[in-house]
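Hi everyone, thanks for coming. I'd like to walk you through one structure today, so please have a look at the screen.

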Amino acid sequence: MGSQITKTAPITQLLRRTDIPSRTRRRRRVVGWLLVTVSLGLGACHPPETPVRLAIEMRSTQAEDALLRFYLSELAMIDAEGRTVPVRLDANAWQSDSTALVALGGNTENPVVSGKVANGRYEAIEFLLGVPFERNHGNPLAAAAPLNVPSMFWSWQSGYKFVRLDVGNDWSFHLGSTGCVSASAVRPPDEPCRQPNAARIRLASDAPEGGTIVVDLDALLAHIDTAVEGNCMAAYAEREACRSLLANLGMDPDTGLCLDGCGTQAVFRFAP
């Protein structure tokens with residue numbers, strides 16, 4: 001018995017010693033496979049992105065003392081196949097991830113819109129000049145930037161001023177949705193307003209993720225004498241001057257909707 005134990009004991013110990021590295025190697029292979037899988041998964045969730053930086057510039061020969069503020073939402077890039085790829089805006093005091101407030105003129109300005117978009121070859125940009133209905137009628141006192149600016153808000157019922165243009169102290173054009181129905185001015189509507197008055201602007205460019213976008217006030221104010229005309233802040237379809245402002249933004253003044261995709265707008269363009 002003693003000799004059998006002496007012979008078998010080293011064999012058993014040897015088997016145990018050689019088995020440990022094998023299991024360790026298997027565990028290492030499993031851990032390595034898991035790490036590769038997780039890395040690939042994270043890469044799939046966060047594809048490579050391209051920075052987007054748009055400079056906004058106001059130009060005019062007849063309204064040099066103008067102050068312009070407008071909301072830009074749902075910024076997207078358009079590729080060669082016509083596909084729309086959303087831009088995720090950088091969050092800061094002037095932007096949420098989907099809406100920016102552009103401020104031109106005066107002492108406080110924000111002339112830049114920035115964000116990121118999935119890598120690709122793009123031929124145009126598109127954005128909504130305004131605030132989408134689902135965010136247009138909230139409480140501004142509880143809203144995050146940039147929807148927390150009191151001067152850009154009318155009421156819960158009417159929502160935000162999508163465009164606010166003030167020429168000196170004499171004339172103003174404030175554009176927002178009209179025909180909004182609710183129980184009172186301090187209650188939001190349950191359904192979209194009859195005239196949304198939010199233009200969807202598309203601009204072609206060889207490099208739409210960068211460059212300068214010109215806001216041409218002379219094109220907006222074409223055939224309008226601001227020294228004579230009254231302000232345009234509501235009921236845009238009732239006066240010819242106000243109808244002209246919406247038409248110059250590519251919209252039908254009666255419906256507040258884009259005509260031919262707002263393709264006739266003459267106010268926004270990429271600088272050459």
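Let me start with a question for you: is the disulfide of cysteine 180 and cysteine 193 right-handed or left-handed? Before I answer, please keep in mind that this is a predicted model. Here is the answer: the torsion about the S-S bond of cysteine 180 and cysteine 193 is about 105°, so this disulfide is right-handed. As for where the two partners sit, both cysteine 180 and cysteine 193 lie in the loop between β11 and β12 (199–204), 13 residues apart. The S to S distance for cysteine 180 and cysteine 193 is 2.1 Å. Cysteine 180 and cysteine 193 are both buried.

How many disulfides does the structure hold? There are 3. If you count the bonded cysteines along the chain, the pattern reads 1-2, 3-4, 5-6.

On to the pair of cysteine 232 and cysteine 242, with an S to S distance of 2.0 Å. This pair connects the loop between α3 (217–220) and α4 (240–248), where cysteine 232 sits, to helix α4 itself, which holds cysteine 242; the two are 10 residues apart. The angle about the S-S bond of cysteine 232 and cysteine 242 is -90°, and the link is left-handed. Cysteine 232 and cysteine 242 are both buried.

That leaves cysteine 258 and cysteine 262, joined with an S to S distance of 1.8 Å. The link of cysteine 258 and cysteine 262 is left-handed too, with -85° about the S-S bond. Now look at the accessibility of the two partners. Cysteine 258 has a relative accessibility of 28%, so it counts as partly exposed. Cysteine 262 counts as buried, because its relative accessible area is 2%, and the cut-off for buried is under 20%.

Which residues touch the most other members of the largest nonpolar core? They are Phe70, Leu75, Leu165, Phe173 and Phe268, out of 59 residues in that core. Strand β2, residues 66–79, gives the largest share of this core, with 7 residues. To see what one of those residues meets, take leucine 75. Setting aside neighbours within four places in sequence, its contacts include Val52, Leu54, Pro86, Val87 and Leu89. Leucine 75 also touches Val113, Ile125, Glu126 and Phe127.

Next, please find strand β10, where aspartate 166 is placed. Is aspartate 166 buried or exposed? Aspartate 166 counts as buried, because its relative accessibility is 15%. Beyond four places in sequence, aspartate 166 is in contact with Asp65, Ala66, Leu67, Trp171, Ser172 and His174.

Finally, let's follow the chain out of that strand. Asparagine 169 is in the loop between β10 (163–167) and β11 (171–175). With a relative accessible area of 82%, asparagine 169 is exposed. How far apart are the C-alpha atoms of asparagine 169 and aspartate 65? They are separated by 9.3 Å, although the two residues are 104 residues apart along the chain.

Conventions
Residues numbered from 1 in each chain as written. Predicted model: local features only at pLDDT ≥ 70, side-chain atom pairs only at ≥ 80, totals over all residues. Heavy atoms only, no water. Helix = DSSP H or I, 4+ residues; strand = E, 2+ residues; numbered from the N terminus. Buried < 20%, exposed > 50% of the residue type's maximum accessible area, 1.4 Å probe, protein only. Core = buried A, V, L, I, M, F, W, Y, C linked by side-chain atoms within 4.5 Å. Contact = heavy atoms within 4.5 Å. Disulfide = S-S within 2.5 Å.
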